[in-house]
Amino acid sequence: MLAILKRDLRGYFTSPIGYVFIAAFLAVLNSYFYINNILQATSDIASLFGFIRFVLIFTVPILTMRLFSEEYKQKTDQLLLTSPNGVFGIVLGKFLAALAMFSVVILFSLLYLVIIAAYGQPNVRQVLANYIAIYCVAAAFISMGLLLSSLTENQLISAVLALAVFLGLYLLDYSGIGQNNRIINNFLYAISMFRRYENISRGVLAINDLVYYISVAAIFLFLTTRVIEKKRWS
Amino acid sequence: MIEVSHLTKVYGDKRGITDISFTINEGEIVGFLGPNGAGKTTTMNIITGYLSATSGTAKVGGIDVLEDPIAAKKNIGYLPEHPPLYLDMKVSEYLNFVYELKNADLPSRKNHIAEICELVGIEEVYQRVIKNLSKGYRQRVGLAQALIGNPTVLILDEPTVGLDPRQIVEIRNVIKELGKRRTVILSTHILPEVEAICERVLVINKGVIIADDEPQNLAGKVAGEHKLAVRIAGPKKNVSQLLRSIDGIREVTPLADREKGASDFLVESHPAIDVRKPMFNTLAKAGYPILMMRPHDMSLEDIFISLTEETADPDDLKGVHQ
C-alpha cells in the first residue's frame, strides 16, 4: 500500500497533472479569499470553505481520472495485481495518494489563517471544524472518482463521468425546492453531500455528519475493490 | 513446484482453455509452445493470480493461488506479454518501486537491484526514463522487474518478442542461467527457442495440451518417420522413379527446384530403415550425384498439423500425452 501511495503521489508530479491541479485550485481559491475576506475585511472562513467544497466538484476528477484508467491502459495493473498485495491495499494506496495531493492545497490554505490572524481573530473552533469537514467531503469525492476510474481505461471518460456525478449531486440539493413533501425533503437531506456541510461550517461538528462522509468513502472504496476483483472473473 | 489441475477458463461463451493439467518440478525450464491465441497467456495469467479459472486449481509451491494469493504470489516473478512499465518513471525508480511493491526484504536492496541490472544488461540505462527506451531495453527492464525479490518461480510470457537477433541470444542465455536456480515457465511460438532453452515442452493448441515431452523427442515422436530433403543432379522424372524403387522409401515429394539441372525432393522413409546409404549407392550407380542431403526440419506448423491430426484419434492421444 505504501509503495503505491508513494508511486502515485510521485506520478502526479512527473506529469503536468499535479501542477495543474495545484495551480488551478489555488488560483481560484486565492481570488476568492481576496474578494471575500480581504476586500470585505472579514475573518469568517466558513464562506471560503464552502467555496472549496464547490471547487472540489471540478478538481477531484483531475486527481482521480488516471488512478486506475492509466494502469489499465499501460497494462501495469498486471504488475500490481500479481504482486503479493491485497486488492484493498492497492485501492487504499491510490485513495491516500489523491488525498495527499488534496492536502498540498490545504497546506497552502493555512496561509490564509496567518493573514487573518494578523489582522483579526479567527474562530479556532470554526476553523478546526471546517478543516475536518473539508477532508471528509474530499475523501467522499475522491472515493467516488476512484470507482469511476476503475471502470474504464480511458482517463477522459473517467474524468467526465466524475464531473457529471459530482454536478448531479450538487443539483440534487436543489431538486427538493418547491416541494412540500417532508419525506422527500428529508431523504434528499439525508443523502446530500453538501447540505450536511452547512452545519459543520458553522462550527457544529455532529458525529452523524462525519459518519456519513466516512461511510460514503468506505462504501466507494469497497465497491472499487469489488470492481477490480470482478475483472479476474470476466 | 507448480501444479495445475483441470484448469478451464471460459470467457463469456468462448472457451479460453479446457481442462489443462500439468506439474512442473523444481528447477525445470519448461517451454509453453503454441500458436497465437492458443491459451498460453490465459494459463499464465491464472497461475500468477491475475485471472481466476472458471474451474480447476493452480498451486505454486504447494499454495493454492486462489486460497492464499498473497503467499503464492510472493514466490512468483511474472513478465507479462506487455511488460508492465510505468513510462514516466526512471528505470531506477521503477525497480525500487517494484522492490517495495513486492514487499521484498533482502539484506541489501542496492546490491540486489544492481545484480539484476548487470544480469539483464540494463546498467547503462539505469538513470533514464522508461518512455525513452527502445523496445529491447523495455523488455529487459520487464525481465528485471520479474527477478526482483528472488522469486523461486519465473513465468515469462514471450520474453524474446521484439528483440533483435543478438538480444534474443543474450536473453536466452540469461534465462538459461536463471533456470539453474529457479523454476521457469516461458511461452513462445518459436520452435527453435524451445529447443535452445527448455528441458521440457508443453504444446498447447486451442486451449488444450496436445503434447508434453522433451524438445528433442517432440519432432521425432510427432513425425513418426524420417524425412530427408535431397537435391540430386538429374532429370526429375528419372530420379523420382529411381528413388521410389529403393527399399524403405515410402514417399517421394517433388519440391521446387533451386538449382539448374538439379531436382529437389522430400523423401519420407520408414523409421526403422536408414535409407541414406542405399540412396547414395543407387543414385551413384545411375550417374545422378547427390548434391545435398539433410534431415527435413519439422516446423512448428508441421508439428501442429501432425499433433492435431493425431489428437483426433483417441488411441494416438495416449501415445503423445505420456
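Me: Which residue's side chain meets that of B:Glu259 in a salt bridge?

Reply: Happy to start there: the N to O distance in this pair is 3.1 Å, and a salt bridge is a side-chain nitrogen of Lys or Arg within 4 Å of a carboxyl oxygen of Asp or Glu. This is a predicted model in which local features need pLDDT of at least 70, side-chain atom pairs count only at pLDDT 80 or more, and totals for chains, interfaces and linings use all residues. Side-chain values use heavy atoms, leaving out hydrogens and water; residues are numbered from 1 along each chain as its sequence is written, while chains are lettered from A and ligands numbered from 1 in the order in which they are written. The partner of B:Glu259 is B:Arg231.

Me: How many residues apart are B:Glu259 and B:Arg231?

Reply: B:Arg231 sits in strand 11 (residues 226–233) of chain B, whereas B:Glu259 is in the loop between strand 12 (249–254) and strand 13 (262–269). Helices (H or I, at least four residues) and strands (E, at least two) are DSSP runs numbered from the N terminus. The pair links distant parts of the chain, with a separation of 28 residues.

Me: Which residue forms a salt bridge with B:Glu170?

Reply: The closest N and O atoms of this pair are 3.1 Å apart. The two ends lie in helix 6 (residues 165–179) and helix 5 (residues 135–147) of chain B, 30 residues apart.

Me: Which residue of chain A is paired with B:Glu93?

Reply: Side chains of opposite charge can pair when their charged atoms come close. Here the N to O distance is 3.8 Å. B:Glu93 lies in helix 3 (residues 91–101) of chain B and its partner in helix 1 of chain A, so the pair joins two chains. The residue on the chain A side is A:Arg10.

Me: How many salt bridges are there between chain A and chain B?

Reply: One of them brings together the side chains of B:Asp88 and A:Arg7, at 3.7 Å from N to O. These two residues also belong to a network of salt bridges with A:Asp8, A:Arg66, A:Glu71 and A:Lys94. Over all chains the structure holds 20 salt bridges. Between chain A and chain B, the count is 4.

Me: What area do chain A and chain B bury between them?

Reply: Contact here means heavy atoms within 4.5 Å, and 26 residues of chain A are in contact with 31 residues of chain B. Buried area is the accessible area (1.4 Å probe) that two parts lose on being put together, summed over both. Carbon and sulfur atoms carry 58% of the area. The total is about 2700 Å².

Me: Which helix of chain A gives the most to the side that touches chain B?

Reply: Across the interface there are 12 residue pairs in polar contact, both at pLDDT 80 or more. Helix 1 (2–14), helix 4 (69–74) and helix 5 (77–81) of chain A each supply at least two residues of the touching side. With 7 residues, the one that gives the most is helix 1.

Me: Which backbone nitrogen does the side chain of A:Thr152 reach?

Reply: A:Thr152 is in the loop between helix 7 (124–149) and helix 8 (155–175) of chain A, and counts as buried at 13% relative accessibility. A polar contact is a pair of N or O atoms within 3.5 Å; within protein, one must be able to donate a hydrogen and the other to accept it, and residues adjacent in sequence count only if both atoms are side-chain atoms. At 2.8 Å, the side chain of A:Thr152 reaches the backbone nitrogen of A:Asn154.

Note on methods
Buried < 20%, exposed > 50% of the residue type's maximum accessible area, 1.4 Å probe, protein only.
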